[in-house]
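I opened the notebook on this structure today.

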Amino acid sequence: MYWEAEKECMARDALEQLQLERLQSTLYRVGTHVPFYRKKFEQLRIDYDNFRSLDALRTLPFTTKQDLRDNYPYGLFAVPLRDVVRIHSSSGTTGLATVVGYTRNDIKNWSHLVARILTAAGVTADDVIQIAFGYGLFTGGFGLHYGAERLGASVIPISAGNTQRQIRIMQDFKTTALVCTPSYALIIADTLLEMGINPSGLSLRVGLFGAEPWSEAMRREINDKLRITATDNYGLSEIMGPGVAGECSECNGLHINEDHFLVEVVDPETLEPVPDGETGELVITTLTKEAFPMIRYRTRDLTRIIPEPCPCGRTMRRMQRIMGRSDDMLIIKGVNVFPIQIEKVLFEIEGTEPHYQIIVDRENHSDRVTVQVEANESIFFDEMRKQRVLIEHIKSRLATELGISVEVKLVEAKTLERTEGKSKRVIDKRRL
Ligand code: DLL
């Protein structure tokens, strides 16, 4: 069942016409209301009144996180604060926070699009949905909440944290859909086990996970441990929050809400568009945002467009799950390494827990990577020889995957820091 077949299954040419019209009005909006864009358009001699084709998109300037910081807090808003009904902010891991705003209409569209991705993932008005994202300046909690209400599901706004309580509520309220980060889903799964609760006794059937990178192996682990169908959804505060793209029940790539967002995939070095199917950095232009429109925002997220049509019938193109960020990519001894590659290997190895941390250091001008991974109890307390065998096994698998050698250290289960929000997998101690 579709939420909005007339949009989600639109013919390509009709969609492109709609995108062009919406792009024209977005350009007019920022050109007349946001001094930052007005100046840029003047410098580049962009005549936004005569913007006639989607191809001309590449003549427009990019917007970066630094531009948002330079205009902190309200400099990029395209409406007076009087028209803003909500403000969110993303602290990020580096530097100054960025601030985003929504008009009443923006909130309506946002709820609508989140309802759309919830529907695609299989959630209906009959579901009881537990939202274990933080409610606050982070867009996850409120974003999913409004979308789920819009759909008519019964919403439990439990917010993040207090895992045992999450589980009790899940049992008592007969939760059928869980919403949180994938790493928190695993924490919930492990806590269930510790509490001696059989997941088959729960009513849970579907999970919507996002806000941080994860892998297919992690999906399988969540599916097995929680006995659900785990789906991926993607978004970012600068663009809207959750609701930008989400998986349908095929679980094979995320449909992008292209009637509201124009996406490009570019080479992060040359900034030239790459052909469909090739990996690059996702660049997004908003088409309907009123308070905080964005022109060619460089997300830093790496993905590729899946050109093949989806068997579900939606024509909104899919992007592959995010494989990392162009800026959290580690360059180790000159080799590009994504934390997700390490995760993939660890998840495939018997005897380890799905919790790990990557520590990068530099000794005598040479990079050194130590992967700390939790070993399950039977291994950890077993004879040293077994531990050594496991370490060697992980090392050789990682060397094959990454093309460089890394150190591996087994740590006791539950000693690495757990987080109910986004997990921090990499500690880079190098002073470069
Ligand atoms: O994380 C919005 C969100 C909330 C999306 C809840 C999905 C669910 P920010 O805090 O601004 O917004 O962080 C955005 O998180 O640029 C990606 O690097 C990463 N990210 C978000 N979703 C995914 C995902 C929210 N499904 C940044 N897979 C983005 C991988 C993701 N990375």
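Which residues around the ligand come nearest? I looked them up: of the 20 residues around the ligand, the nearest are Asp232, Asn233, Ser237, Asp301 and Lys422. I count a residue as near if one of its heavy atoms lies within 4 Å of the molecule.

I note the ground rules. This is a predicted model, with local features needing pLDDT of at least 70, side-chain atom pairs counting only at pLDDT 80 or more, and totals for chains, interfaces and linings using all residues. Residues are numbered from 1 along each chain as its sequence is written, and side-chain values use heavy atoms, with hydrogens and water left out.

Next, I checked the polar contacts (pairs of N or O atoms within 3.5 Å). A polar side-chain atom of Ser237 sits 2.4 Å from a ligand oxygen. A polar backbone atom of Asn233 is 2.7 Å from a ligand nitrogen. For Arg325, a side-chain N or O atom lies 3.3 Å from a ligand oxygen. On its own the ligand has 610 Å² of accessible area, and the protein covers 93% of that (Shrake-Rupley method, 1.4 Å probe).

I then sorted the shell. Strand β7 (229-236) and helix α6 (139-151) each supply at least two residues. The largest share, five residues, comes from β7. Helices are DSSP runs of H or I with at least four residues, strands runs of E with at least two, numbered from the N terminus.

Last, I traced an open sheet of four strands, antiparallel, in the order β10-β11-β12-β15. Its edge strands are β10 (261-266) and β15 (324-325). Strands pair if DSSP finds at least two bridges between them. Four bridges join β11 (280-286) to β12 (297-303).

Definitions and conventions. A polar contact is a pair of N or O atoms within 3.5 Å; within protein, one must be able to donate a hydrogen and the other to accept it, and residues adjacent in sequence count only if both atoms are side-chain atoms.
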